[in-house]
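I opened my notebook to look up a few features of one structure. Here is what I looked at.

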Amino acid sequence: MEAVKNIPLFAIVLSLFSGVLCTMLKNKAARIYTVLFECALIAGMALVLIYTLQTGTSFTYVMGEFPAPWGNEIRAGALEAGMALLFLIVMLMSVIAGMHYLDDMDASRVHLYAALLNLMTAALLAEIFTNDIFTGYVFVEIMTLTSCGILIVREIGRTTLAAIRYMIMNLLGSGLFLLGVVLLYDVTGHLLMVPMHQEIIELMKDPGSALVLTMATGILTLGLAIKSGLFPFHYWMPDTYGWATPTSAAILSSLVSKCYIFLLIKIYWRVLGTDVFAAMPLKYILFALGLCGMVFGSVSALRATNINRMVAFSSAAQIGYIYAGIGLGGRYGWIAAIFHIAVHAVTKSMLFLTTPRLAEVSDNSLLFKNLTGSAIRDRDAGAFFLMGSLSMIGIPIFAGFSSKLLFGIAAVSSASEPMMLLLMLALALSSVLNALYFLRTVIRIFRDDGSRKICPIGGRWDYLMPMLVLIVINLLLGLASGVFVGWIETGLSMFA
Amino acid sequence: MIETLMANYEEAAAIILFGIGFTMLLFQRNLMKKLIGMNIMDTGVFLFLASMGYIKGRKAPIIANGVTDPARYINPVPAGLVLTGIVVSVSVTAVMLALTVRLYHRYHTLDLDDIYIISKHQTEDR
């Protein structure tokens with residue numbers, strides 16, 4: 001079983017290699033290779049998860065035999081392995097379900113798209129597993145470039161414009177993140193997370209150094225908040241997700257932004273330590289922005305006239321939930337935030353893979369006024385959209401319900417009464433708004449106005465199979481949330 | 001305050017450069033100027049890192065004349081980080097330039113606001 005310890009590093013290196021390989025393959029071969037490679041990675045991550053759960057500890061892979069504080073490290077615990085496993089499954093399902101739309105793409109580009117997906121997988125895994133903050137920065141930039149690549153693969157003007165806006169916001173975020181990393185390195189003298197943490201504990205005793213640390217953490221957090229689309233930095237989201245190909249929209253909304261948040265959580269836990277983070281005023285800012293995101297994201301979704309923009313604004317609201325959980329802190333605050341990362345990854349990818357099918361049977365329009373009756377014309381997509389919406393609203397048995405329940409528990413167990421009240425209020429308001437805009441859409445797409453001929457399109461296995469997998473995971477997260485909460489608790493115990 | 005800034009003038013200059021670059025990237029409407037801003041911002045961080053990594057009186061970490069005392073050399077890590085950062089910055093600039101060229105070919109302007117207005121009236125909008 002010791003060989004399992006090599007899997008995270010090999011997964012990252014092989015993903016990078018696969019990216020290069022795919023540029024040399026033909027379209028079909030690149031597609032098949034990517035799917036098979038993702039399957040192999042999923043099997044590998046499952047092994048790492050089983051190994052870490054069995055041993056009850058995380059393991060560190062020291063590269064080049066240079067021990068800390070030199071060298072570079074990869075560290076894998078149950079949380080990292082589980083999150084990587086879930087992200088890879090969502091990525092694979094998004095690729096398979098969106099395969100049909102890749103045929104519309106310029107034929108000379110499909111293998112390049114596969115190459116970008118492999119490079120993105122490398123960045124995703126590296127950000128999840130790295131124990132070195134500068135390696136984190138390098139892969140954040142690789143993630144930014146590959147995200148931009150999978151966005152502009154659809155060659156229309158609005159997509160390029162969306163990509164430019166996406167890149168500008170991401171570059172602002174990257175610049176701030178780099179400055180934060182450099183400041184932290186400057187005061188601690190380390191890049192590896194554990195030695196950094198030991199130095200930070202000493203430095204916090206000195207008020208001058210504590211101020212520098214708070215500033216550095218603030219700058220770093222601001223960078224990742226911009227990149228992940230926290231309110232009020234979420235305005236790039238609707239254009240980006242709205243104009244991307246279905247697979248790209250699903251991956252960008254459910255994996256890329258979550259990956260940045262996961263890296264941020266790792267920095268809070270492993271570099272700062274939860275006690276140091278809890279003593280910083282930063283948590284109140286994150287909490288407040290999270291609450292604003294929950295409400296204003298939902299209000300913007302309610303005002304949207306295009307289904308993709310609505311789902312994108314809903315993402316901004318869901319990101320608000322995650323940041324509110326982080327800002328709230330405490331045992332349940334962290335659990336709720338991490339659980340919501342998983343829930344949102346599964347649900348949002350499903351919604352973004354459904355909307356193009358509804359548009360396809362509505363004169364290729366995503367505008368609500370043209371979508372009337374689309375769920376009757378394409379029953380599969382309608383059913384999947386309904387289930388995704390019910391999950392987002394928080395109807396029992398679906399994952400969204402467990403998530404909102406966890407946020408409720410987190411609010412009630414909070415030591416601060418004002419924070420508890422504010423979170424409960426925002427949770428109630430956001431849920432009502434969620435129900436309003438999702439049910440309004442569901443009613444519209446299921447209402448047959450008789451203006452169009454009903455011509456249901458046949459179910460394709462390459463669409464039905466991945467969507468069913470996403471629904472099963474969604475239901476598992478909803479019905480067996482205790483198991484997942486247990487996994488997160490075990491993971492957090494070996495995360496710091 | 002002024003004395004502290006004068007004593008750390010390299011770091012102060014780096015932060016000012018970062019601020020200028022950040023503001024340009026955020027507020028300039030012209031895409032080329034935005035790109036220049038991005039490069040100034042990155043350069044600010046690299047200057048900060050390079051100045052913090054250099055200690056006056058010490059030499060580059062290449063053993064010369066058989067002197068192996070670490071106190072005689074500077075730490076090579078900040079220089080390594082700057083090099084990595086430059087590679088990242090160049091790659092990002094290349095991608096941004098490619099996107100800018102593509103946008104210019106389509107809209108015949110580099111002004112982001114104008115591009116946005118033109119794109120809203122296009123028929124490919126759904």
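My entries cover salt bridges, then a helix pair.

I am working with a predicted model, where local features need pLDDT of at least 70, side-chain atom pairs count only at pLDDT 80 or more, and totals for chains, interfaces and linings use all residues. Residues are numbered from 1 along each chain as its sequence is written, chains are lettered from A and ligands numbered from 1 in the order in which they are written, and side-chain values use heavy atoms, leaving out hydrogens and water.

**Salt bridges.** I counted a side-chain nitrogen of Lys or Arg within 4 Å of a carboxyl oxygen of Asp or Glu. That gave 11 salt bridges over all chains. I found Lys5(A) bridged to Glu2(A), with the closest N and O atoms 3.2 Å apart. I then checked exposure (buried is under 20% relative accessible area, exposed over 50%, partly exposed in between; 1.4 Å probe, protein chains only). Lys5(A) is partly exposed because its relative accessible area is 26%.

Next I looked up Lys205(A), which pairs with Glu202(A) at 3.3 Å between the closest N and O atoms. Lys205(A) has 61% relative accessibility, so it counts as exposed. Glu202(A) has 49%, so it is partly exposed.

**Helix pair.** I took helices as DSSP runs (H or I, at least four residues), numbered from the N terminus. The axes of α13(A), residues 282-303, and α20(A), residues 417-446, come within 8 Å and cross at roughly 20°. Therefore α13(A) is roughly parallel to α20(A) (angles under 35 degrees count as such).

Terms used: Axes fitted to C-alpha atoms, helices over the stretch in contact; angles between N-to-C directions. Helix = DSSP H or I, 4+ residues; strand = E, 2+ residues; numbered from the N terminus. Parallel < 35°, antiparallel > 145°, perpendicular 65-115°, else oblique.
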